[in-house]
Amino acid sequence: MGFSEHFPALIVVVLFFTAFISPLLYRWARKLAAPAVIAALLAALAMVVVLLIQVQQFGIYYYHMGGWPPPWGIEFKADPLRLYILVVLISVSLWIFIYALRDLGHELKTRVIGWYYTLYSVLVGSMAGIALTNDLFNLFVLMEICAISACAIISIKEDRECLEASFKYLILSAMGTGCFLLGVVMLYMVTGYLNYSFLYQALVEAFDFYPLNIFTAAALFIVAFGTKAALFPLHVWLPDAHASAPSPSSAMLSGLVIKIYAFALFLMFYEVFPRVVLEAVPLSEIVLWLAALGAMFGSIYAMIQTDLKKMLAYSSIAQIAYIFMGIGLHHSLALVGGFYHIMVHAVTKAMLFMVAGVIIYSTGVRRIDQLTGIGKVLPVTMVAFTIGSASMVGIPGTGGLISKWYLALSALEIGRPIFVLVILASSLLNAIYYMPIVINAFMHQDEFKKEVKPVPGIMQLSMVVGMVFIIIFGFFSKPVVTLLEQAAALFF
Amino acid sequence: METLQGIVDNYYYMVAIILFVIGMYTMLTHSNMIKKVIAMNIMDASVFLMFVAVGYAHGSQAPIIRDNVEIIYANPLPGALILTGIVVAVSVTAYALSLVVKIYRYYDTCDYDEICEMRSKE
């Protein structure tokens with residue numbers, strides 16, 4: 001394989017390295033700082049694509065850090081599913097970064113923008129690591145890096161709400177990582193391994209002797225990843241954090257960060273805990289019902305919000321629930337739906353937060369009731385909002401339909417039509433709070449009263465790219481679905 | 001009786017779990033932000049204690065290989081991992097405390113309830 005055998009590690013290393021040089025560049029060669037981050041993200045994307053092609057040809061590839069074989073060394077695993085997550089992660093973060101180039105100057109002080117680039121690269125690098133790693137302790141370290149950088153891209157704005165929100169987020173995510181590490185100890189105690197593949201083997205045997213340890217670990221993992229991914233009763237930190245952050249950070253947090261933890265929980269359920277454990281206690285069932293509740297309550301809370309960004313944040317709680325549903329339903333079609341939704345929701349929610357960012361940039365309005373008639377003054381922005389809302393609701397022709405379709409199909413396939421009802425009801429609730437904004441924006445007779453600044457070209461371009469992709473996901477879902485079906489077939 | 005004996009034999013696990021619960025309870029219920037950060041450290045430390053205790057076997061010694069001596073070695077891996085864990089916990093603590101300092105500058109208090117009260121008056 002030559003040079004490309006080091007790609008799994010290089011993806012993370014390139015991003016971390018950029019994180020260290022970007023504040024220096026920002027200080028001494030300001031024009032180069034942003035292109036450096038873009039170049040690093042492009043390089044990472046290219047490496048992921050090369051790896052994906054190689055994995056399709058030669059099968060799953062394991063990378064041993066420093067040449068130490070597992071169970072002693074840290075192992076990175078490149079399989080189609082992880083690489084799919086990485087493609088979504090890196091391309092969406094590249095897109096958000098390009099949007100951020102203009103928006104950051106508006107929301108942050110000039111001297112901290114170089115540090116923002118650092119945090120951004122660290123965040124993307126750590127998320128890439130979470131997706132790639134095959135080792136529980138490495139996962140813990142990367143999760144802490146991800147938590148600190150995710151809190152820091154909120155608190156970098158240094159106003160009161162951002163500081164409070166990021167403190168709340170930090171405390172709850174510290175609780176999450178504490179629980180996670182305790183779960184790791186429980187598993188290490190009974191098996192002596194930290195590597196996923198070794199654990200999977202060893203837990204089958206250990207389950208006969210120490211079932212209690214393994215159950216405790218599973219419960220702790222649900223709490224840990226549930227807190228970090230905002231699974232319904234553990235979502236309390238999310239609305240404040242995602243709503244008060246600068247818009248590019250909100251797009252990043254809502255679009256990608258919560259999903260990567262949902263993916264980590266998926267890995268725990270399918271690659272660490274063997275079938276016997278999941279059959280002995282209804283863990284998937286618990287996740288499934290919490291997700292069903294989250295899909296309803298997230299939407300209900302979103303309905304009563306008056307702040308646009310808060311509403312989008314609550315809507316994320318409802319949407320992440322679909323992904324958890326895909327994990328909990330235990331069917332290959334459900335996995336396809338859940339993972340398709342990771343991509344669709346990442347693009348859609350990031351775009352909606354960009355729209356909110358553009359509205360704040362150009363008019364300074366945050367309240368939903370002041371948005372009447374805004375469609376006439378910001379047409380591109382509000383068309384983007386319309387298409388984003390359509391995808392959230394799941395109207396045909398947008399990506400949102402495809403993921404809901406596969407989830408509903410799998411619910412019928414395993415004979416539990418109640419979840420089809422949940423999906424339908426939640427979609428209707430989505431329509432109830434998204435559609436009035438669209439209708440008021442375009443069809444209200446009142447003129448928009450506030451002063452409007454022109455929207456920079458690069459921000460409009462980012463929104464157009466988002467719209468195009470949402471529609472492509474709606475009409476040409478075949479290649480991605482085929483990839484996901486192949487990947488899901490490995491687990492059943 | 002057997003359970004009781006098990007608890008007495010493995011008292012260090014019990015200590016770790018009790019500390020964990022104290023830490024988590026204080027972190028989630030106390031309104032003082034400095035105390036929240038301290039509780040976070042207690043919680044982390046309890047997990048580290050538990051992890052290191054897992055690596056210990058009764059009567060074992062530090063894992064340094066000496067010639068011609070048959071002894072039981074303690075497992076070195078948990079120790080190595082916890083060293084990393086401590087570094088991570090320190091950085092999280094530093095960041096959390098810096099946030100508390102910034103919040104204190106805005107409100108002149110570290111108490112979360114008082115801050116909520118002030119915000120609701122606005």
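1. A definition to start with: two residues are in contact if their C-beta atoms, placed from the backbone, lie within 7 Å. By that rule, the contact between the chains takes 26 residues from chain B and 21 residues from chain A. On the side of chain B that touches chain A, helix 2 (11-29), helix 3 (33-54) and helix 4 (76-107) of chain B each supply at least two residues. Helix 4 of chain B gives the largest share, 12 residues. That side of chain B divides into 20 nonpolar, 3 polar and 3 charged residues (Ala, Val, Leu, Ile, Met, Phe, Trp, Tyr, Cys and Pro count as nonpolar, Asp, Glu, Lys and Arg as charged, and the others, Gly among them, as polar).

2. A word on what you are looking at. This is a predicted model, in which local features need pLDDT of at least 70 and side-chain atom pairs count only at pLDDT 80 or more, while totals for chains, interfaces and linings use all residues. Residues are numbered from 1 along each chain as its sequence is written, and chains are lettered from A and ligands numbered from 1 in the order in which they are written.

3. Chain A is assigned domain 1 (1-280) and domain 2 (282-492); such bounds come from an automatic or database domain assignment. Their C-alpha centres lie 23 Å apart. Across the boundary, 41 residues of domain 1 are in contact with 44 residues of domain 2. Helix 3, helix 8 (211-229), helix 9 (238-244) and helix 10 (247-272) of chain A each give two or more residues to the domain 1 side, which divides into 31 nonpolar, 7 polar and 3 charged residues.

4. Next, helix 2 of chain A, residues 30-58 (helices, H or I, of at least four residues and strands, E, of at least two are DSSP runs, numbered from the N terminus). Helix 2 has 29 residues and reaches 43 Å from its first C-alpha to its last, close to the 42 Å expected at 1.5 Å a residue (1.5 Å times one less than the number of residues). Among its buried residues are Ala33(A), Val37(A), Ala40(A) and Leu41(A) (buried: 20 or more other C-beta atoms within 10 Å of the residue's own, with C-beta atoms placed from the backbone). Their cover includes helix 1 (7-28) and helix 4 (113-132) of chain A. After helix 2 comes Gly59(A), with a positive phi near 95 degrees.

Notes
Buried ≥ 20, exposed ≤ 12 C-beta atoms within 10 Å, placed from the backbone.
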